[in-house]
Amino acid sequence: MSLIEIRDLTKVYRMGEVEVHALNGVSLDIDRGEWVAIMGPSGSGKSTMMHIVGCLDIPTSGSYVLDGVDVSQMVESQLAAVRNHKIGFVFQAYNLLARTSAIKQVMLPMQYSRDGFRIPRAERRERAEAALEMVELADRMDHRPSELSGGERQRVAIARALVTDPGILMADEPTGNLDSKSGIEVMEVFHRLHEERGITVVMVTHDEAIGANAQRTIRLFDGRIEQVDRNGERTKVRSQESSSGISTRLTSDLGLGTSDRGGGHDADAAG
Ligand code: ADP
Ligand code: MG
């Protein structure tokens with residue numbers, strides 16, 4: 001049984017008289033510990049797919065079994081419980097609180113989760129520190145977002161997504177606001193989580209070089225899966241390198257350096 005089992009998924013948005021068919025019968029299995037990229041042109045249904053897979057929304061029809069449980073008909077409170085237990089989210093625009101230090105941002109999910117409030121504050125702090133160490137921000141714990149680079153902000157967001165120890169990491173354009181070097185750093189963190197923790201990664205991107213980090217690339221077109229690529233050897237690039245040597249190697253091997261779009265928060269060129 002796969003961790004994620006999706007069958008004939010459709011999503012229709014109704015806007016007054018108009019119906020938008022965002023997904024038109026998508027079937028997909030994702031195994032535990034797999035790293036999958038979802039790619040496709042703007043409007044092809046990537047975000048819709050991510051929202052359903054991430055239990056942020058439900059499909060119009062079709063089934064979605066997550067970890068053995070059918071989540072396709074759940075109401076919001078049930079979906080929220082599934083999200084809290086199983087899924088960490090990373091978004092293009094980081095979604096950090098402007099005036100809050102990195103360590104406090106990362107402690108927040110434990111405060112708000114149902115089991116989290118039972119964790120003593122000292123332990124919440126310890127866990128948040130460990131998560132920030134995991135993303136190599138041990139020396140930035142007391143910095144606010146304005147005192148961090150784009151790549152560092154995104155790594156705070158990753159630490160926040162991981163602090164509750166979810167099995168799945170979902171990322172919608174995680175490098176979309178980053179220059180290529182910061183994008184590589186973020187991918188390096190994903191590689192580490194994937195290899196060392198066995199986390200399942202589902203990542204939406206429009207950037208081929210970023211997508212090539214995944215083991216499998218699902219290509220959407222008009223709400224359908226058009227093509228599936230196995231990325232084979234290229235995912236092994238990192239494991240041959242020490243983490244200090246990774247940047248150059250990834251840049252040359254994966255052709256990174258095409259996504260230099262500055263650090264604006266509102267950029268959503270991928271749609
Ligand atoms: P992508 O992320 O690949 O750019 P989306 O999943 O965001 O694509 O959108 C797929 C289609 O569904 C697009 O035509 C978009 O305009 C439409 N759509 C997305 N979200 C909504 C919504 N909340 N209401 C109405 N239409 C939507
Ligand atoms: Mg999108």
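**Asking how we know**

Student: What makes V186 count as buried?

Tutor: V186 has 24 C-beta neighbours inside 10 Å, so it counts as buried. The label needs 20 or more other C-beta atoms within 10 Å of a residue's own, while 12 or fewer makes it exposed and anything in between partly exposed, with C-beta atoms placed from the backbone. Bear in mind that this is a predicted model: local features need pLDDT of at least 70 and side-chain atom pairs count only at pLDDT 80 or more, whereas totals for chains, interfaces and linings use all residues. Residues are numbered from 1 along each chain as its sequence is written, and chains are lettered from A and ligands numbered from 1 in the order in which they are written.

Student: Where does V186 lie, and which residues does V186 touch?

Tutor: V186 is in helix α6 (residues 180-197); a helix here is a DSSP run of H or I with at least four residues, and a strand is a run of E with at least two, numbered from the N terminus. Skipping residues up to four places away in sequence, V186 touches G151, Q154, R155, P174, T175 and L178. Contact means C-beta atoms, placed from the backbone, within 7 Å.

Student: How do you know that β3 is mostly covered?

Tutor: Five of the five residues in β3 (residues 35-39) are buried. W35, A37 and M39 point one way, V36 and I38 the other.

Student: What makes β8 a partner of β3?

Tutor: Pairing takes at least two DSSP bridges between two strands. β3 and β8 (residues 200-204) have four and run parallel, with V36 opposite V202. Four bridges also join β3 to β9 (residues 216-221), again in parallel, and there I38 has I218 as its bridge partner.

Student: Why are β2 and β5 at the edges of their sheet?

Tutor: The open, antiparallel sheet has four strands in the order β2-β1-β4-β5. β2 and β5 (69-70) each have a single partner strand, so one side of each is left without a neighbour in the sheet.

Student: Which residues touch the most other members of the largest nonpolar core?

Tutor: Of its 66 residues, I38, V106, A159 and V202 do. A nonpolar core is a set of buried Ala, Val, Leu, Ile, Met, Phe, Trp, Tyr and Cys residues joined through C-beta atoms within 7 Å. Among the contacts of A159, leaving aside neighbours within four places in sequence, are V106, A131 and L132.

Conventions: Two residues are in contact if their C-beta atoms, placed from the backbone, lie within 7 Å.
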